[in-house]
Every structure is written in structure tokens, then in C-alpha cells.
Amino acid sequence: MKNNKRAIQSRQMKLLQYLKEQGFAEVAQLARLFDISPVTVRRDLDALEKQGYVTRYFGGARPAAMLQENDEPAYMETIGQNLAQKQAIARRAAAMLEDNDTVFINSSSTALLIYPHITARSVVIVTNNGRSLMIQRPDNVELVLTGGEAYGNKQSLVGEFALETLSHITATKCILGVSGISVQGGITSQVIQETAINRMMLRRSNGPKIVVTDYTKIGIERNFSSGSIHDITHLITDSGADSISLERIRRAGIAVEVVEPMAEE
């Protein structure tokens, strides 16, 4: 199964790279080039579109407008990694949303996957994730961008403008992705510019504060702190997470939910 997932991720990366080089491509053309069925091409393009990396049109696809030519290879290689786990985590987080919620969501790739799974009515998403503009979302979800400086290839919005926007909003829930989470280190990031945004979102939320992250971030401490373990109320992760680290987080008073990866279609 793991080898199969790696093969899918590798193929999707190659499809995306081809689209980036050519500007657009038809489904039939991609099927011939990569020696796969049109059904498989469509499935791959659907997965890439959900992540905000391509824009579909009838019979083909093109790179999303925010996929810039200077995207770093290291960032590109994260496309599709642990996607089954991230989708399951995002679906569970979306199920926690209620009618009329106002929700902070940060620049996490896992948090970005929540949008299609939202079924609650009249939900307002306030986010610093510029790629949110490229993600399909239900009609019942209103999107509010913080504004600010577009940082790096993640297109996260940071800086004083973004912080000022957040300071005037009170959210009913906060959903954050992280680079690491542990009892000792709390919630941490690899990008110092994003920690102030994360802290403001936590501070301005008066309801559940939910971390969503796959197993690779559990028990890990990164360079820059967004808050202590006691600044959050919930953790949603997948069944690959280290059980000892999860038990320590539970003992710190955090509600921990573990989900199984979504099955490949």
C-alpha cells in the first residue's frame, strides 16, 4: 500500500511539473504521455485541484494562478504527501464546525483540505492562506482573507496588516496546522513569520482551538513557537502517530482524536 501511495504521489508530481512547463494539457494527451487511463488522469487532476495546484477546465487542466515559476522544489515535493491521512483529519475537523461559526484557519496544507468537507451552514472562514482562493468550497462557506504580505511559496499572508485584521475579529473556533507538536515544545513552526499569526488566532478565538496534523509532526519540536500545549484544546491526527507522544498530550488535558486514513478511490 505504501509503495502504491508513493507511486501515485510521484505520478501526480510529474503531471504537475508537465503542466507547469507547458501551461496547459488535455486529459487524453496526459493519458498518452504517462501511459495511464483517462480515468486515472482525471482522478489525479481532481486531487491536485483540491489542493489548489491546478485549475480544471472541460477536457483538461492548467496550473493554478498562484503556482509561480519560482516555487521551491522542496515545497513542490510535499504535494500529495500523506494525502489520505490529511483528508481524513480535515474531514473530522470539518465535522466539528457548527452553523454560524466564524473560524480561523492558518496556512497549513492540512487545514486547507477542510473546505470541501464543511456541511454546517453559514460558516465564515477567516484565513491567512492565500491558496484558499483556488480551493473549491460549498456555497454555505464565506471566505475572508486577512490581507498582508504574501510570504514565500506557501502564499501565506503575514505581517502587521494581517495581524491588524485578526485583532478586530473574534472567532468561535480556531483550526491550526503545525510543523510540530509536543508537550514540552508546544505547537511550533518552521516559519517565524507565521508564528505571530498563529498566536493572534489562538488569542482571538473564544471556542475550541484545534490542531490538525498528520503523524509526522507528533512529538516533534521545530524552531519557532506559536504557543504552549495548553493554548489548544483539541488535536486531530492519524493512526500513524506515536502512541507515547499522544498519551503525553492527553495527560496535558488535550482532547486527542485519532482517525484512519481515507481509502484510495
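Reader: In β15, which residue is the bridge partner of Thr237?

Author: This is a predicted model, in which local features need pLDDT of at least 70 and side-chain atom pairs count only at pLDDT 80 or more, while totals for chains, interfaces and linings use all residues. Residues are numbered from 1 along each chain as its sequence is written, and side-chain values use heavy atoms, with hydrogens and water left out. Strands (DSSP runs of E, at least two residues) and helices (H or I, at least four residues) are numbered from the N terminus, and two strands pair if DSSP finds at least two bridges between them. Strand β14 (residues 234–238) runs parallel to β15 and is joined to it by 5 bridges, and in β15 the partner of Thr237 is Val258.

Reader: In the open sheet of 7 strands, which are the edge strands?

Author: The pairing in this sheet is parallel, and the order is β6-β5-β4-β9-β12-β14-β15. The strands that pair on one side only are β6 (141–145) and β15 (255–259).

Reader: What angle does the direction of α9 make with that of β15?

Author: Contact means heavy atoms within 4.5 Å, and axes are lines fitted to C-alpha atoms, for helices over the stretch in contact, with angles running from 0 to 180 degrees between N-to-C directions. Helix α9 packs on the sheet, where it touches β14 and β15, and its direction makes with that of β15 an angle of about 150 degrees.

Reader: Why do the buried residues of α2 line one face of the helix?

Author: In helix α2 (residues 27–34), the residues Val27, Leu30 and Ala31 are buried. An α-helix has 3.6 residues a turn, so residues three or four places apart point the same way. Taking the directions from the helix axis to the C-beta atoms, the buried residues of α2 line one face because, seen down the axis, they fall within an arc of 105 degrees.

Terms used: Buried < 20%, exposed > 50% of the residue type's maximum accessible area, 1.4 Å probe, protein only.
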